[in-house]
Amino acid sequence: MRYLPRLMVWCGILCVTFMTTAEAQTTDIKLPKPALTGNKPLEAAILHKKSSRNFTGSTLSLANVSQLLWSANGNLPADAVTSATTKVFPSAGGLNALEAFLVAGQNTVEGVPAGVYRYNPADNTLRQIVPGDQRNLLAHAALSQVWIARAPAIIVIAAVFERMTGKYGGRGMQYVFMEAGAANQNVYLQAESLGLKAASVGAFQDNQVAAVLKLPAGMVPLLLLPVGN
Ligand SMILES: Cc1cc2nc3c(=O)[nH]c(=O)nc-3n(C[C@H](O)[C@H](O)[C@H](O)COP(=O)(O)O)c2cc1C
């Protein structure tokens, strides 16, 4: 009988461990190929660009998530002659300082278990970094802007400044922010073109967002982009 409390603690630990393991997504998720043509003229997307924060809560399709991530940090098809790959936005020296992450809730993105994912633009896949729904923690880190947690997904743009400052010194900092601005606008226009909502969020505690996403050392979050229907 005196072992009962200790037994209960061990059961609790095992239970939590099992639940965490069960939620973990161990294989990369292959995204559908992004479409390279659309139905809306660019001018119409620019004309109607706006920040929208009132999400309906309906599930985002994997095709739309793929399209949004591609617009945020995708690669363009390799040059037929040189085989060089460029990004969907201009990047100083072609150095590409940005990384994109997807934060998905429970059943909010088709075929994607709740969690934080790193987007790999080279093979169009998502790799889980953190299991479970992290949207509330992210909203809390963003000075408690609670509407963020109601978005089915949040795209996070992060940067490795060293990639740019290693070549351009202090001026490289500006170049990284310019890249992030271009990625931001791409997501807005892509969302508008797909009939989806998006909004920029720059007001957050860097260290808290980095902790929620388990960002590696040297990677800094620059922008949250809640997206959805
Ligand atoms: C760098 C940056 C940071 C922003 N941060 C926030 C934010 O933390 N919360 C928010 O609700 N909107 C944020 N916004 C969105 C702006 O408030 C919005 O773009 C502005 O009010 C103009 O509205 P519109 O985009 O609908 O034209 C941010 C925009 C930018 C470009």
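How many nonpolar, polar and charged residues does the shell around the ligand have? I count by class and get 4 nonpolar, 4 polar and 3 charged residues. My classes put Ala, Val, Leu, Ile, Met, Phe, Trp, Tyr, Cys and Pro under nonpolar, Asp, Glu, Lys and Arg under charged, and the others, Gly among them, under polar.

**Ground rules**

I'm working with a predicted model, where local features need pLDDT of at least 70 and side-chain atom pairs count only at pLDDT 80 or more, while totals for chains, interfaces and linings use all residues. Residues are numbered from 1 along each chain as its sequence is written, and side-chain values use heavy atoms, with hydrogens and water left out.

**Entry: the ligand**

I list the residues around the ligand as Lys49, Lys50, Ser51, Arg53, Gln145, Trp147, Tyr188, Ser200, Val201, Gly202 and Ala203.

Arginine 53 puts a polar side-chain atom 2.8 Å from an oxygen atom of the ligand. The side chain of glutamine 145 has an N or O atom 2.8 Å from a nitrogen atom of the ligand. With glycine 202, a polar backbone atom lies 2.9 Å from a nitrogen atom of the ligand. I also note that the ligand exposes 620 Å² when taken alone, and that the protein buries 52% of that. These areas come from the Shrake-Rupley method with a 1.4 Å probe; for residues, only the protein chains shown count as cover.

Back to arginine 53: its charged end sits over the ring of tryptophan 147, 5.6 Å from the ring centre. For that label, NZ of Lys or CZ of Arg must be within 6 Å of the ring centre and within 35 degrees of the ring normal.

**Entry: the overall layout**

I find 7 helices and 7 strands in the protein. Going along the sequence, I read the pattern α-β-α-α-β-β-β-α-β-α-α-β-α-β. Helices (H or I, at least four residues) and strands (E, at least two) are DSSP runs, numbered from the N terminus. Of the 229 residues, 43% count as buried. Buried means under 20% relative accessible area, exposed means over 50%, and partly exposed is in between (1.4 Å probe, protein chains only).

**Entry: aromatic pairs**

How many aromatic pairs does the structure hold? I get 2. Rings of Phe, Tyr and Trp (its six-membered ring) pair if their centres lie within 6.5 Å; planes under 30 degrees apart are stacked, over 60 edge-to-face, and the rest tilted.

Why is the pair of phenylalanine 161 and phenylalanine 177 edge-to-face? Their planes are at 70°, with ring centres 5.5 Å apart, so the pair gets that label. Phenylalanine 161 is in helix α5 (residues 161–168) and phenylalanine 177 in helix α6 (residues 171–194), so the pair ties together parts that are 16 residues apart in sequence. Phenylalanine 161 is buried at 12% relative accessibility, whereas phenylalanine 177 is partly exposed at 45%.

Tyrosine 168 and tyrosine 175 also make an edge-to-face pair, 5.1 Å centre to centre with 80° between the planes. I have tyrosine 168 down as partly exposed, at 27%.

**Entry: two buried glutamines**

I find glutamine 67 in helix α3 (residues 62–73), buried at 8% relative accessible area. A polar atom of its side chain lies 2.8 Å from the backbone nitrogen of alanine 35.

Glutamine 128 belongs to strand β4 (residues 125–131) and is buried at 13%. Its side chain reaches the backbone nitrogen of glutamine 25 at 2.7 Å. I also see the side chain of glutamine 128 in polar contact with the side chain of tyrosine 117, at 3.1 Å.

**Entry: positive phi**

Most residues other than glycine have a negative phi. Asparagine 124, not a glycine, has a positive phi of about 55°. Asparagine 124 lies in the loop between β3 and β4 and is buried at 9%.

Lysine 214 has a positive phi of about 50°. I place lysine 214 in the loop between α7 (206–213) and β7 (220–228), exposed at 55%.

Key. A residue is near a molecule or strand if one of its heavy atoms lies within 4 Å of it. A polar contact is a pair of N or O atoms within 3.5 Å; within protein, one must be able to donate a hydrogen and the other to accept it, and residues adjacent in sequence count only if both atoms are side-chain atoms.
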